[in-house]
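Please examine the sequence and the model below before reading further.

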Amino acid sequence: MPSLDDFASTKLESLAARGQRRELTDTARKAAGTALRSDRNVISFCCNDYLNLSQHHAVKRAAQAAVEEFGVGSGASRLVTGNHPLFAQLEARLARIKGTDAALVFGAGYLANTGIIPSLVGADDVVFADELSHACLMSGARMSDAQVLVFRHNDMAHLEDLLTAHRASARNALMVTDGVFSMDGDLAPLPQMVALASDHDTWLMTDDAHGLGVIGGGHGSARAFGDVPLDIPLQMGTLSKAVGGFGGYVCASQPVIDLLKSRARTFVYSTGLPPANAAAAVAALEIIESDTDLIEMPVSNAAQFCREAGLPAPQSPIVPVIIGDERDALAASHMLLNEGYLVTAIRPPTVPAGTARLRLTFMAEHDPEDISRLAEIVRERIIGRSAA
């Protein structure tokens, strides 16, 4: 048996040989989509703070005021120390934006999904999951002890086949998907999924981490397909993307939320979010509800880039540039960094084998001239070279 260090070193060598080793690089985020890396100012196109609300003066003031009044930590689980009034404000606002009876805030998005799903389904149940669902959705499904059946990405015929073959033998059934897929930027076909869920007596849950604030008039993917919101009983999301802070949440009916307060282990046994995070999220959501011009900018900027780079029109602020090989994706990322652009190479297992890519994300404050220059570089030195 090798020593622990020998075991880790061998694994790291194997990852490096495949272009899959990951390392942390000190990077200080700044205003207006910029960052400081290695003492150099660069323009970041890899951040999920789509509306730049982490830098907004009103959001920062709200966090600072909460620290001064309540301190920096929550002290324990909300069920132990009591429910801070800021959480009631935050959950009420989330429920209003999502059009549900109630909401529940978790410590993080990963904690939300790994807490929600095992609370609702178990050994005699079945989960139907899109193959590109976020890792925390898959983790939550597998932790539940339910049978997990994976359907091809956004393939409604395959999903219907699985429902027809397996739903009747299960006690309860849950269908899970991203609302906006984090690595591809496309939307789930939610109208069809709502219809299939109804036809097959199945609950539908969306992870809308990348939808809130930027899709469907800011309400998220349930509003992306028309003025009338889709009937999605479980709408999960995070406070760390367009909201600009940290935390996770789920919006649902009051009975479901009450059940999760008692049964979701990642809620019951986790310390509550710090007051500053809750206060900042309340302030950010107020901006999302009121500033219609701001929430349109990330997708508009992504659309400018796609037009000028010769790519299909985007459905969200996320634009993938598929390269294929991990090492080639890393080389493209390094080339862009040399040009002053921070764009991360995304590699397996985060994305399927053979689909390593650059994942570009667009923020409200990105300068149109910077977008144009980036589009020119990507078109001529990455897309053009791949085509050749």
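How many of the 12 residues of helix 5 are buried? In this predicted model, 9 of the 12 are buried, so helix 5 is largely enclosed by the rest of the structure. Among the buried residues of helix 5 are Gly109, Ala112, Asn113, Ile116, Ile117 and Leu120. The length of the helix may also be checked. At 1.5 Å a residue, the 12 residues of helix 5, which runs over residues 109–120, should span 16 Å. The end C-alpha atoms of helix 5 are 17 Å apart, which agrees with that expectation.

Attention now turns to the aromatic rings. A pair of aromatic rings is described by the distance of the centres and the angle of the planes. The model holds 4 aromatic pairs. In one of them, the ring centres of Phe45 and Tyr341 are 5.9 Å apart and the planes stand at 55°, so this pair is tilted. Phe45 belongs to the loop between strand 3 and helix 2, whereas Tyr341 lies in strand 12; the pair therefore ties together parts that are 296 residues apart in sequence. Phe45 and Tyr341 are both buried.

Phe305 and Phe362 form another tilted pair, with 5.2 Å from centre to centre and 40° between the planes. Because Phe305 lies in helix 12 and Phe362 in the loop between strand 14 and helix 14, this pair ties together parts that are 57 residues apart in sequence. Phe305 and Phe362 are likewise buried. Ring pairs join Phe45, Phe305, Tyr341 and Phe362 into a cluster.

A further ring has a charged neighbour: the charged end of Arg78 sits over the ring of Phe87, 4.1 Å from the ring centre.

How values were computed
Residues are numbered from 1 along each chain as its sequence is written. This is a predicted model: local features need pLDDT of at least 70, side-chain atom pairs count only at pLDDT 80 or more; totals for chains, interfaces and linings use all residues. Side-chain values use heavy atoms; hydrogens and water are left out. Rings of Phe, Tyr and Trp (its six-membered ring) pair if their centres lie within 6.5 Å; planes under 30 degrees apart count as stacked, over 60 as edge-to-face and the rest as tilted. Helices (H or I, at least four residues) and strands (E, at least two) are DSSP runs, numbered from the N terminus. Buried means under 20% relative accessible area, exposed over 50%, partly exposed in between (1.4 Å probe, protein chains only). A charge sits over a ring if NZ of Lys or CZ of Arg is within 6 Å of the ring centre and within 35 degrees of the ring normal. The expected span of a helix is 1.5 Å times one less than its number of residues.
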